[in-house]
Number of protein chains: 2
Amino acid sequence: VAPDELEIIDRYFRPLAGEGAFGLLDDAGALAVPAGMDLVVSTDMIAAGMHFLPDDPPDLVARKALRVNLSDIAAKGARPLAYLLGLGLGVGGREDAAWLAAFADGLRTDQALFAMSLLGGDTIDVAAGPVIAVTAFGTVEAGRMVHRAGGRPDDLLFVSGTIGASAAGLALLRGEEGPWADLAEAERTALVRRYRLPQPRVALAPALVAFASAAMDVSDGLVGDCDKLCAASGCGAAIAAERVPLPEGLSPARDAKLVARLLTAGDDYEILAAIPPRNAATFGAAAAESGIAVAEIGRLVAPRGMIEVTLHGAPLALASRAFVHHLSERGRE
Amino acid sequence: VAPDELEIIDRYFRPLAGEGAFGLLDDAGALAVPAGMDLVVSTDMIAAGMHFLPDDPPDLVARKALRVNLSDIAAKGARPLAYLLGLGLGVGGREDAAWLAAFADGLRTDQALFAMSLLGGDTIDVAAGPVIAVTAFGTVEAGRMVHRAGGRPDDLLFVSGTIGASAAGLALLRGEEGPWADLAEAERTALVRRYRLPQPRVALAPALVAFASAAMDVSDGLVGDCDKLCAASGCGAAIAAERVPLPEGLSPARDAKLVARLLTAGDDYEILAAIPPRNAATFGAAAAESGIAVAEIGRLVAPRGMIEVTLHGAPLALASRAFVHHLSERGRE
C-alpha cells in the first residue's frame with residue numbers, strides 16, 4: 001500500500017464506512033443478512049472513455065458507478081444495503097485531491113439517498129484510469145428475487161421512465177448532429193445530466209416483487225435487452241415503439257430514425273418488466289404510488305427469440321440491436 | 001454489451017458459474033448464507049504493470065486475481081464460498097481468444113482447488129488493461145471472524161510460510177541485482193512462480209478462528225503490515241528478524257541488507273497472526289496439522305505504535321516500511 005493510498009483511504013473513504021466495514025481497518029468486511037432475506041449481489045465496472053467522459057464531474061462519476069449497480073439491484077426487487085468500491089487511478093492522471101474529494105462527496109450523497117454504506121474496497125494504480133469497480137449488495141425477501149427468466153407469453157411489457165435521454169445526452173457531449181441539437185439549453189442540460197447521472201428505479205422494487213413475472217435493468221439498449229429477457233424466459237416479444245416514452249423534448253421529433261436510434265442506445269438504467277395481465281392494473285397503481293412512471297410498451301409472445309418492433313404497425317428498421325460501451329472507435333482482435 | 005462481450009461470457013465464463021449465478025443470465029447473483037454463519041467479503045483489484053507483468057501467463061494472472069482475495073478471506077478465518085469477476089480488457093490489447101481461454105482455465109483450476117464458484121461479473125473495455133477486480137465471499141461461524149484489532153501485549157506473533165520469495169521472484173523478472181541472481185535455475189524458477197502464483201493460506205483459517213486474537217494477510221510488506229495490525233490493536237510489536245523464515249535458497253545469503261529488503265517487500269500473501277501465549281502450542285500443532293508451516297517471529301508490546309525490528313539483537317535499518325504496488329517509476333501529483 002502506497003502512503004498516498006493510505007492517505008486516500010483515511011481522508012476520503014473512511015468517513016463513508018458503515019456497519020461491518022470496521023472503519024476500513026481490516027482485510028475484509030462482514031455482512032449480516034437479516035433473517036428471512038436473501039442477499040442479491042451485482043458488480044459492474046465503469047471506465048473513463050467507455051462509460052463516462054474523462055472530464056465528467058467526479059461526483060457524478062462516483063454516483064454513476066454506484067447507480068449502474070443499484071439499477072441491477074432494483075431490477076431484482078431488492079433494497080440497497082451496502083457496497084464495495086474498487087478504484088483504479090491512472091498513473092500521472094488528473095485525479096488529484098480535489099477530484100478525490102468531489103468523488104467521495106458523490107458517494108456520500110448517494111449513500112444518504114439510497115440508505116447504503118461503504119463496506120470495503122481497494123485503491124490501486126492502473127496504467128490508464130479511472131476504472132471503478134463497484135459491488136453492490138441488496139436484500140430481498142427470501143425466494144422473492146425477480147429474475148429475467150420468469151416471463152410468459154401474454155405477459156405485458158412495461159418500461160419505467162423514458163428511453164433515450166442518456167443517449168441523447170451523450171450525443172450532445174460528442175457534438176453529434178440530431179434533433180437533440182435543436183433543443184433549448186435547459187432541455188439539453190437535462191439530457192446531459194441524465195447521461196452523467198442515471199436514475200436507478202430503487203423505489204419500484206417492491207412493485208416488481210409483488211407483481212412482475214420477470215424484470216431486468218435496461219442498460220445496453222431496450223431492444224437488445226428485451227432480447228435477453230426473452231431468451232431467459234424462452235419466448236419472444238412484440239414492442240409497439242410508439243408507446244415507448246421518449247424524453248419530453250425529443251417526443252415532437254419522433255420519427256422512425258430517431259425511435260430506432262433511441263430504442264437501441266445504451267445507458268438508460270430503466271427497468272423492463274413482464275407483468276401478467278391480471279397484475280397490470282395493480283402494478284401500474286403501485287408504480288404510480290412509488291413515484292415512478294411506467295408505460296406499457298408491448299407483450300411477450302410464444303415464438304422463441306422473435307422480437308417484433310413496430311412503429312404504428314409497420315416494422316421498425318434497426319441498424320443494430322444493442323449498444324456497445326465504447327466512446328471511440330474500438331478494436332480488439 | 002458488445003457482441004464480443006456476450007461471446008466472452010458464453011464461451012469462457014458461463015461454464016464457471018455456480019449456485020446463485022443463474023448461468024450468468026441475470027442482472028445479479030443471489031447468495032444464500034447458511035444459518036449460523038457470517039458472510040465475509042473482500043475486494044482487491046490487480047492491474048497489468050502494477051500487480052503482474054503484461055506477459056505473465058494468463059492462467060496465473062487469473063489465479064493471482066482470485067488468490068490475493070482468498071488470502072484476505074483466509075486471514076479472517078473464513079472459508080471460500082464464491083466470487084464475482086470484473087474484467088477490464090484493454091482496447092487493442094493482446095488479450096485474444098487464447099489468452100481468455102487460458103485465463104478461464106486458471107479460474108477453473110482454482111475454483112476446484114478452493115471449492116468456490118463464479119457468482120457473477122462484468123466484462124468491459126478499458127483504455128489499458130487488463131484490470132481485474134475480484135470480490136470474494138467467505139463464511140465463518142457467526143461472530144468468529146478474526147480481526148486485526150484483537151491483539152494484546154504479550155501475544156506472540158506468528159507468520160506463515162516464508163517472507164520475500166515473491167519479491168525475489170519479481171526482482172528476477174526485472175533483472176535486478178541481488179543474491180537471487182546467484183541461485184540455481186530451479187530455485188529461481190520457484191521464486192518467479194511464487195510471484196506469479198500466491199499461496200493463500202486457506203487451510204490455516206480454522207486454526208486462526210480457534211486460537212488467534214488478531215490476524216491479517218501480509219501483502220504490502222511484513223513490517224508495514226505489522227504496523228497496521230498494531231495500529232488496529234492499539235499496541236506495538238517487537239520482531240526478531242532472524243526468526244522470519246526466508247525462502248530456502250536465500251537463507252544462506254541472509255544479511256541485514258537482504259533481510260531488510262525482504263521484510264518490507266510485497267506480495268507475500270502470508271498470514272501474520274497474534275496468538276495469546278496460552279494458545280501458542282495448540283496453534284502451532286493445529287497449523288502443522290493443516291500442512292502450513294508457521295514461525296514465531298516476535299510479540300506484541302504495550303507501547304502504542306512502536307515496531308522494533310532487530311536482527312540478532314541489533315536494530316535493523318529499514319529504508320521504507322511498506323511496499324508500493326507499482327512496477328515502474330510512479331507519479332501522481
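Colleague: How do you know that chain A and chain B are related by a turn about an axis?

Modeller: In this predicted model, chain A can be laid on chain B by a turn of 180° with a shift of 0.0 Å along the axis, and the RMSD is 0.0 Å. The two copies are therefore related as by a two-fold rotation axis.

Colleague: And which C-alpha of chain A is nearest the axis?

Modeller: That's the one of A128(A), 2.8 Å from the axis.

Colleague: What makes you say that the same surface serves both copies?

Modeller: Look at the contact residues: 99% of those in chain A recur in chain B. Contact here means heavy atoms within 4.5 Å.

Colleague: What makes strand 6 and strand 9 of chain A a pair?

Modeller: Two strands pair if DSSP finds at least two bridges between them. Strand 6 (residues 156-160) and strand 9 of chain A have four, so they count as an antiparallel pair. For example, L157(A) stands opposite A274(A).

Colleague: And how do you know that strand 7 of chain A pairs with strand 9 of chain A?

Modeller: By the cut-off of at least two bridges, strand 7 (residues 214-218) qualifies too: five bridges join this strand to strand 9 of chain A in the antiparallel sense. Among the partners, D217(A) is bridged to I271(A) in strand 9.

Notes. Residues numbered from 1 in each chain as written. Chains lettered and ligands numbered in written order. Predicted model: local features only at pLDDT ≥ 70, side-chain atom pairs only at ≥ 80, totals over all residues. Heavy atoms only, no water. Least-squares fit on C-alpha atoms with pLDDT ≥ 70 in both. Helix = DSSP H or I, 4+ residues; strand = E, 2+ residues; numbered from the N terminus.
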